[in-house]
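Morning, everyone. Please bring the model up on your screens, and keep the sequence beside it.

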There are 2 protein chains.
Amino acid sequence: MKRTSRDIRTANRYGVLRQIIADSPASRQEVAAATGLSLATVATLVGELLELGLLTEVGFEDSDGGRPRGLVAVHAAGGALIGVDVAETYIHVELFDLALKVLARADTELKPGMKQPDQMVAHIADAIASVVVQSGVEPGTVLGAGISMPGQVDREGGSLLYAPNWDWHDVPLLGLLAEHVDYPLYLDNPLHACTVAELWFGAARGRSDVVVVNLGTGVGAGIALNGELHRGITNSAGEWGHTTLVLDGRLCHCGNRGCVETYVGAPGIMRNLRELSPDSPMLHPDDQTATIEALASGAAAGDPVAVEVVRETARYLGAAISDLVNLLNPEVVVLSSWVAGKLGRPLLDEVREAVARRALARPLAATEIVLCPIPTDPVSLGAATFALEGSLASVGQKAPRTASKTLGDRDR
Amino acid sequence: MKRTSRDIRTANRYGVLRQIIADSPASRQEVAAATGLSLATVATLVGELLELGLLTEVGFEDSDGGRPRGLVAVHAAGGALIGVDVAETYIHVELFDLALKVLARADTELKPGMKQPDQMVAHIADAIASVVVQSGVEPGTVLGAGISMPGQVDREGGSLLYAPNWDWHDVPLLGLLAEHVDYPLYLDNPLHACTVAELWFGAARGRSDVVVVNLGTGVGAGIALNGELHRGITNSAGEWGHTTLVLDGRLCHCGNRGCVETYVGAPGIMRNLRELSPDSPMLHPDDQTATIEALASGAAAGDPVAVEVVRETARYLGAAISDLVNLLNPEVVVLSSWVAGKLGRPLLDEVREAVARRALARPLAATEIVLCPIPTDPVSLGAATFALEGSLASVGQKAPRTASKTLGDRDR
Ligand SMILES: [Zn+2]
Ligand SMILES: [Zn+2]
């Protein structure tokens, strides 16, 4: 009911570009076969994308005696995208070409005392300016910048409703940033950014129903259905970390007990280790990263305590992932974020076994569980993708309030 | 990616008809305002529905000095729909007019020994023939029959992959039924039927993201996103009853421990009662219905044991519903099926309090929790709706394999 023909055209435009980014050069026939769209629709959308300069013609291929077929590819230099990943302790900014290759990076450390929105905005603006200069791209070709902020985000309004790290309430972040940055700006959270990155460039590409399980200090589950991010009615879908795994179990910072996060987030895994072996040298009480890395090395070396902690963590994680499999019946579950990256294959193997023991047979048989295949930071990549999606969505529309130019403008 | 322009046209056709069924007569302008579709789109779709005989023109209304606006209404006699609700112990069949008013009913009791698909098919066919005769509708006006079967359903293939009640495996139900019944047939399960009934006629109408929590002997959660049922990749989404609420908790018939169903399904509620008061006269060990009814009367009369059992059940249910709220961020959660119907308001009040204590503030504030408002059997209504959706989806398409006629044929 809430979808219009414009929405479906935009989604199809995403689908065609996604496919061509994945597999260039391609004929319109190949794109039609891969996306399930009609050849006529693909031809129209490819025409639009060529006109916008996002694609380019790259010759012809023979088609078994028929007319030679025109091939198109991503026009890597046809535009630049900026992805901003703001976390508690750092700002990580990347500038991408349209093939989503990183052309420049900027990293800023955030001091613990940094609490003012103005300071944050200045840091972000500086980093954005820096990647543009470093990359040497013409500023006029930057299609936009996506900003991922940890907290509750009002996308449309461009404001942070609540950011627990800095105790921010109702900060009009994009409005402040627009005073320094002259590109279209897009705001969302890291969970949604990771999920969109998987949709465009990762394990969710071409799949319809996908869950991206984010394992870091906090945990969450990004949900993509029909090839699109499910945001929920107030953009807060995905709070799987605060679903109950053990009623009346471990106390969680959200105020409840037994939340998934308290068993499989980094502090939860540290607790799993402490309960099994309180004096383990792998335990660095004030350093989550060091502890998870020690567990990863230990598990790789066959250390029995490390192996057992990974197994116990996978038992919790397997039960919680089985819940997602039973409830949502997805095609793929992706394990993402830094804890999954560090624990890697040993965690994946144990999780697969744990899910196989617990999920219902029918959804289980339809679900693949994989590690995030994206080699770079999925959050800044996903943030850049918000800018790409935004510029594709605004084709033919008037410029958004916070933006000074859009693809549509460039085209005139 | 998997959605085509045809899908969006079909969804919009559903949306327009849904709105007009809800609120007849209506002008095209009112329908456009209520659905968010453009007036031009609404005018086209209303034109189609008029031509199909599903709507009828019913006069004009003044529009403040402008041109009088044409009013349309559902053409109740424009077609008939049959809904079949098959459960472990009964077959319940209803025939509806297009305003979804029940014109005839047929009930068949299923003997415990009834295990053969052929017997079941004969019973269903007889009941369908009976409601057509009773209602006096012209057989040629029957648009189709939807069949809800408890078990794992292959919708497209029209077969029951697994039905635990009768130990059926891979029974080609629609194929068998088509030898006796000459209407288009549609197959799905009761959870999906209930959810579609809420979307068209109940608490989910006009809402985008909705969860229908089904509380019966078994429990499940039908999920509707963007105004459409989420089926999952193998049509088995919604197995919320077998998500974990208490890791290592009560043993479930699925083989796991601590599943939601073991705490809030009818047998689970009986166990809640037994644990609190083993000798309670409300406990009828072999009769779920009598026990739940005794609890309902007890709670209404202020009996402290009944009140406490409802509260304890709501504590479990509230935690499990909070998980849905945190994960999916829905607009509405509907409590449906017979246990929710019998425990009614006292259960609803306790559940609302329990969810308010547990869910995260932002999704909580966006979610309403209500009892199913549909006054008749939502499963047969939902099954009939599958037939309505099927006939709207097949407009202009060739007849489905199991069907002898469709709206498209009637129209020629
Ligand atoms: Zn929590
Ligand atoms: Zn179970």
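I'll go through the metal sites, then a strand and its sheet, then the core.

Ground rules first. This is a predicted model, where local features need pLDDT of at least 70, side-chain atom pairs count only at pLDDT 80 or more, and totals for chains, interfaces and linings use all residues. Residues are numbered from 1 along each chain as its sequence is written, chains are lettered from A and ligands numbered from 1 in the order in which they are written, and side-chain values use heavy atoms, with hydrogens and water left out.

Start with zinc. Which protein atoms hold the zinc ion (ligand 1)? They are ND1 of His242(A) and the SG atoms of Cys252(A), Cys254(A) and Cys259(A), at 2.1 to 2.3 Å from the ion. A donor here is an N, O or S atom within 2.8 Å of the metal (3.2 Å for Na, K and Ca); water is not among the atoms, so sites may look incomplete. The 4 donor atoms subtend angles of 101 to 123 degrees, so the arrangement is tetrahedral. For four donors, that label requires all angles to lie between 85 and 135 degrees. Along the chain, the donor spacing reads H-x9-C-x1-C-x4-C. His242(A) and Cys254(A) are 12 residues apart, and each sits in the loop between strand 14 (228-229) and helix 7 (261-264) of chain A. Helices (H or I, at least four residues) and strands (E, at least two) are DSSP runs, numbered from the N terminus.

Buried or exposed? His242(A) is buried, at 8% relative accessible area. Cys254(A) is partly exposed, at 28%. The cut-offs: buried is under 20% relative accessible area, exposed is over 50%, partly exposed is in between (1.4 Å probe, protein chains only).

Now chain B. The zinc ion (ligand 2) takes His242(B) (ND1), Cys252(B) (SG), Cys254(B) (SG) and Cys259(B) (SG) as protein donors, at 2.1 to 2.3 Å. This site is tetrahedral, with angles of 101 to 122 degrees among its 4 donor atoms. Cys252(B) is buried at 6%, while Cys254(B) is partly exposed at 27%.

Next, strand 15 (residues 332-336) of chain A. 5 of its 5 residues are buried, so the strand is largely enclosed by the rest of the structure. Val332(A), Val334(A) and Ser336(A) lie on one side, Val333(A) and Leu335(A) on the other. Strand 15 of chain A pairs in parallel with strand 12 (residues 210-215) of chain A over 5 bridges. Pairing requires at least two DSSP bridges between two strands. Val211(A) stands opposite Val333(A). Strand 15 of chain A also pairs in parallel with strand 16 (residues 368-371) of chain A, over 4 bridges. There, Leu335(A) faces Leu371(A).

In chain B, look at the open sheet: 5 strands, order 14-13-12-15-16, mixed pairing. Strand 14 (228-229) and strand 16 (368-371) of chain B are the edges; each has a single partner strand, so one side of each is left without a neighbour in the sheet.

Last, the core. Which residues have the most contacts inside the largest nonpolar core? Trp240(A), Ile321(A), Trp240(B) and Ile321(B), in a core of 98 residues. A nonpolar core is a set of buried Ala, Val, Leu, Ile, Met, Phe, Trp, Tyr and Cys residues joined through side-chain atoms within 4.5 Å. Beyond its neighbours within four places in sequence, Ile321(A) is in contact (heavy atoms within 4.5 Å) with residues including Trp240(A), Val333(A) and Leu335(A).

Technical notes
Tetrahedral: all angles 85-135°; square planar, octahedral: opposite > 155°, others 65-115°.
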